[in-house]
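I opened the model and went through it one item at a time. The entries below follow the order in which I looked things up.

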There are 2 protein chains.
Amino acid sequence: MFSVKMSDVEETIKRIQSQRGVSGIIVMDSIGRVIRSTLDDEQTSQNAPLLHQLCDKSKSVIREIDTSNDLTFLRLRTKKNEIMIAPDKDYLLAVFYQKTSS
Amino acid sequence: MFSVKMSDVEETIKRIQSQRGVSGIIVMDSIGRVIRSTLDDEQTSQNAPLLHQLCDKSKSVIREIDTSNDLTFLRLRTKKNEIMIAPDKDYLLAVFYQKTSS
């Protein structure tokens, strides 16, 4: 019931990638193992553990503030780009957006 | 040149607080000391160090990915609310938003 078919993952990635400004996508499992990435190997192996760790830290901060609360979405705006992280029970999706002028 | 007048802080807080959905604001200095908060003392002393720590962690993750990059804005969406953190050179602004139906 909780398993996700690889074809569903691919379809979701395609859909996200077609959005304007999307420069990369990493899908990880709950312990941070990369399931799928559109970044090159070097970028993937550098970014994935850092983003997984940061997402875990964010979750624990939210729960420490209120034990009955839970993180649903993390968004990091930087000088150069924007990173959105959607944690799920079994998966973690990280999407990189190029900085747009708007 | 980098000093901020308390009246400016108060004015900014008033302006943010008047926005729809804003339930609380904490202003900290760069090392996490609370300058001003609209939350009660207990909430402030619980939330401020956690959010400051998380913001620091986020900054270091962004710099580890790319040393020439920098975090400008952190947004945490949770089941119950939304927290936006704007780090600056000398200050850190955290704004709490109530969950709206939209």
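Predicted model: local features only at pLDDT ≥ 70, side-chain atom pairs only at ≥ 80, totals over all residues.

Entry 1, burial. I count a residue as buried under 20% relative accessible area, as exposed over 50%, and as partly exposed in between, with a 1.4 Å probe and protein chains only. By that cut-off, buried residues make up 41% of the 102 residues in chain A.

Residues are numbered from 1 along each chain as its sequence is written, chains are lettered from A and ligands numbered from 1 in the order in which they are written, and side-chain values use heavy atoms, with hydrogens and water left out.

I took helices (H or I, at least four residues) and strands (E, at least two) as DSSP runs, numbered from the N terminus. Chain A has two helices and five strands, in the order α-β-β-α-β-β-β along the sequence. Its radius of gyration, taken over C-alpha atoms, is 14 Å, close to the 13 Å from the globule rule for 102 residues (2.2 Å times the number of residues to the power 0.38), so chain A is as compact as a globular protein of that length. The C-alpha trace of chain A spans about 35 × 35 × 25 Å along its principal axes.

How is chain A laid on chain B? I superposed the copies by least squares on the C-alpha atoms of residues with pLDDT of at least 70 in both. A turn of 180° with a shift of 0.0 Å along the axis does it, at an RMSD of 0.0 Å. That is the relation of a two-fold axis. The C-alpha of A:Arg75 is the one in chain A nearest the axis, 2.5 Å from it. With contact meaning heavy atoms within 4.5 Å, 100% of the contact residues of chain A recur in chain B, so the same surface serves both copies.

Chain A and chain B each give 28 residues to the contact. Buried area here is the accessible area (1.4 Å probe) that two parts lose on being put together, summed over both. Chain A and chain B bury about 2700 Å² between them, with 59% of it on carbon and sulfur atoms. A:Leu50, A:Ile65 and A:Arg77 supply 20% of the area that chain A buries against chain B, more than any other three residues.

A nonpolar core is a set of buried Ala, Val, Leu, Ile, Met, Phe, Trp, Tyr and Cys residues joined through side-chain atoms within 4.5 Å. The largest one has 36 residues, and A:Leu76, A:Ile85, B:Leu76 and B:Ile85 touch the most other members. Not counting residues up to four places away in sequence, A:Leu76 touches residues of both chains, including A:Leu54, A:Ile85, B:Ile62 and B:Phe73.

Is B:Gly21 buried or exposed? B:Gly21 is buried, at 17% relative accessible area, in the loop between helix 1 (6–17) and strand 1 (22–29). Its C-alpha is separated by 5.1 Å from that of B:Gln98, 77 residues apart along the chain. B:His52, in helix 2 (residues 41–65), is buried too, at 12%. Beyond four places in sequence, B:His52 touches B:Met28, B:Asp29, B:Ser30, B:Ile31, B:Gly32 and B:Leu92.
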